[in-house]
Amino acid sequence: MIEKYNEYLSKKTNLEKCLYLYDLYHDDPITFSKLANAHRIEFLPILYTPTIGEAVINYSKNYKYPLGLIISYKDKGNIKNILEKSKQKFTKEMTISVVTDGEGVLGIGDQGVGAIYISLGKLMVYSLCGGLDQSTTLPIMLDVGTNNKSLLDDPEYKGWRHSRIVGKDYYDFIDEFAKAFHEVFPNSFLHWEDFGRDNARTVLDKYREFHPSFNDDIQGTGVVALAAVLCGIKKSHIPIEKHKICIFGAGTAGCGIANQICRGLAIKLGINFKEATKYFYLIDRNGLLLEDDESLLYFQREFAHSYYEVSSWQVKDYKHISLLEVIKNVHPTVLIGCSTAFGAFTDEILTEMYKYNKKPIIMPISNPTSKAEATPERVLKCTEGNALIATGSPFEPVEYNGSKITISQCNNALVFPGIGIGMVRSKARILSDKMLLKASEVLSSECEKTSSDNNSLLPSFERVLEISEIISKGIGFRV
């Protein structure tokens with residue numbers, strides 16, 4: 001194993017290291033498992049975010065052999081047979097499948113068939129962070145085409161060279177897959193991943209009660225964000241009902257975060273979901289979400305404000321209220337970024353947050369690092385070292401006033417392995433809102449118990465296996 005580790009270290013770039021580990025997994029899964037578990041913390045950012053994005057982009061260029069199960073739109077009408085053949089390869093019952101259509105990969109968008117790396121990488125995280133036997137898992141890529149012109153024009157592209165199927169044709173294909181999957185793998189857990197913003201919530205809502213299902217971009221991100229916010233609320237010493245939450249980026253992830261935090265706060269405050277939405281301010285491409293914007297998607301509308309609510313605000317254009325204008329008028333206590341707009345949290349915005357809050361909760365969680373709304377260094381500088389911080393990608397500790405400040409990573413790997421394993425063990429048929437809230441509460445309490453850093457909002461990855469086990473037990477029998 002030492003020899004394999006030295007070979008890994010000899011690779012010059014993180015992408016080369018990533019591809020080396022995937023080759024090792026393909027050729028010798030037992031050695032890979034031993035090596036990965038021995039270097040869990042070191043390998044996580046190599047096997048998944050942020051390095052996985054590079055592997056996805058360069059999938060066709062570095063293609064050597066098939067990875068996982070790729071089901072093409074051309075296979076319509078034959079999906080059940082494909083899944084049944086795949087089932088024959090398992091020596092144990094299949095437990096968890098990560099399924100993607102590759103349209104909304106991380107912060108890099110439509111990546112076509114290369115997104116199979118996302119499904120495989122996510123299952124590696126289930127193994128590394130939850131102890132799941134990876135031989136019982138199945139990565140699936142639903143290849144419904146791509147609108148990425150560079151892929152379509154690339155003679156080496158390995159996917160279906162066709163524009164993305166949309167509308168009824170798309171949903172009919174997903175429906176055939178979901179029904180076939182349920183019939184072939186009735187006791188498994190179905191993890192949807194990196195679907196586009198127009199489809200992710202629709203697919204989850206339609207099949208959530210049909211088959212044990214979970215969308216990590218919507219629910220997993222929301223669970224981790226809620227855990228961080230719950231921890232931040234306690235550290236801020238501000239009553240929960242006094243907090244106002246601003247989310248920059250109102251796509252699938254942003255609205256999923258808002259939805260999960262809103263449900264958690266509603267239960268904590270003893271109010272209904274609709275009443276709790278008044279604490280939220282979501283900003284998307286056209287500015288603050290407003291009710292009269294006909295372009296809003298159905299899951300955005302529940303967080304839209306009326307013109308009457310903002311009519312007294314000081315803004316330049318009421319049809320496009322910017323993030324800075326929201327902060328100046330609302331004075332939020334929590335600022336979350338999932339816009340993939342690098343540097344969007346300017347010094348002026350960060351300073352404005354600190355003007356009204358002595359311990360602002362600031363979470364630039366867009367992935368990869370190149371898409372982060374702010375670096376921890378800038379956040380700490382603009383808040384005189386007082387901000388409570390969580391980021392999406394891993395950052396090194398920051399030197400501030402002679403002290404090293406650890407930066408919490410708002411990484412879904414802290415929760416989804418525990419959630420998935422809890423579902424498999426309990427054989428629960430539905431992943432309920434109460435179960436998701438429990439996962440957030442468990443994670444938040446673990447941070448409070450173990451973190452000595454006043455700026456931290458989440459526990460260290462050093463305890464991820466233990467945390468996954470606690471979450472799996474905590475949610476396993478809650479419905």
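Colleague: Over the ring of which residue does the charged end of K17 sit, and how far is it from the ring centre?
Modeller: In this predicted model, a charge counts as sitting over a ring if NZ of Lys or CZ of Arg is within 6 Å of the ring centre and within 35 degrees of the ring normal. The charged end of K17 is placed in this way over the ring of Y8, and its distance from the centre is 5.3 Å.

Colleague: Which strands are the edge strands of the open sheet?
Modeller: The sheet is built from seven strands with mixed pairing, in the order β8-β7-β6-β9-β10-β11-β14. An edge strand pairs on one side only, and this holds for β8 (287-288) and β14 (408-409).

Colleague: Which residue in β11 stands opposite I361?
Modeller: Strands β10 (residues 361-364) and β11 (residues 388-391) run parallel and are joined by two bridges. Opposite I361, the residue in β11 is L388.

Colleague: Is E384, with its positive phi of about 55 degrees, buried or exposed?
Modeller: Most residues other than glycine have a negative phi. E384 has a positive one although it is not a glycine, and it lies in the loop between α18 (376-382) and β11. The relative accessibility of E384 is 51%, and the cut-off is over 50%, so E384 counts as exposed.

Colleague: What kind of aromatic pair do Y73 and F173 form?
Modeller: A search of the whole structure finds 24 aromatic pairs. In the pair of Y73 and F173, the ring centres are 5.4 Å apart and the planes make 50 degrees; with planes under 30 degrees apart counted as stacked and over 60 as edge-to-face, the pair is tilted.

Colleague: Why is the pair of W192 and F195 edge-to-face?
Modeller: W192 is buried at 1% relative accessibility, and F195 is buried with a relative accessible area of 5%. Their ring centres lie 5.5 Å apart, and the pair is edge-to-face because the angle between the planes is 80 degrees.

Notes
Residues are numbered from 1 along each chain as its sequence is written. This is a predicted model: local features need pLDDT of at least 70, side-chain atom pairs count only at pLDDT 80 or more; totals for chains, interfaces and linings use all residues. Side-chain values use heavy atoms; hydrogens and water are left out. Two strands pair if DSSP finds at least two bridges between them. Helices (H or I, at least four residues) and strands (E, at least two) are DSSP runs, numbered from the N terminus. Buried means under 20% relative accessible area, exposed over 50%, partly exposed in between (1.4 Å probe, protein chains only). Rings of Phe, Tyr and Trp (its six-membered ring) pair if their centres lie within 6.5 Å; planes under 30 degrees apart count as stacked, over 60 as edge-to-face and the rest as tilted.
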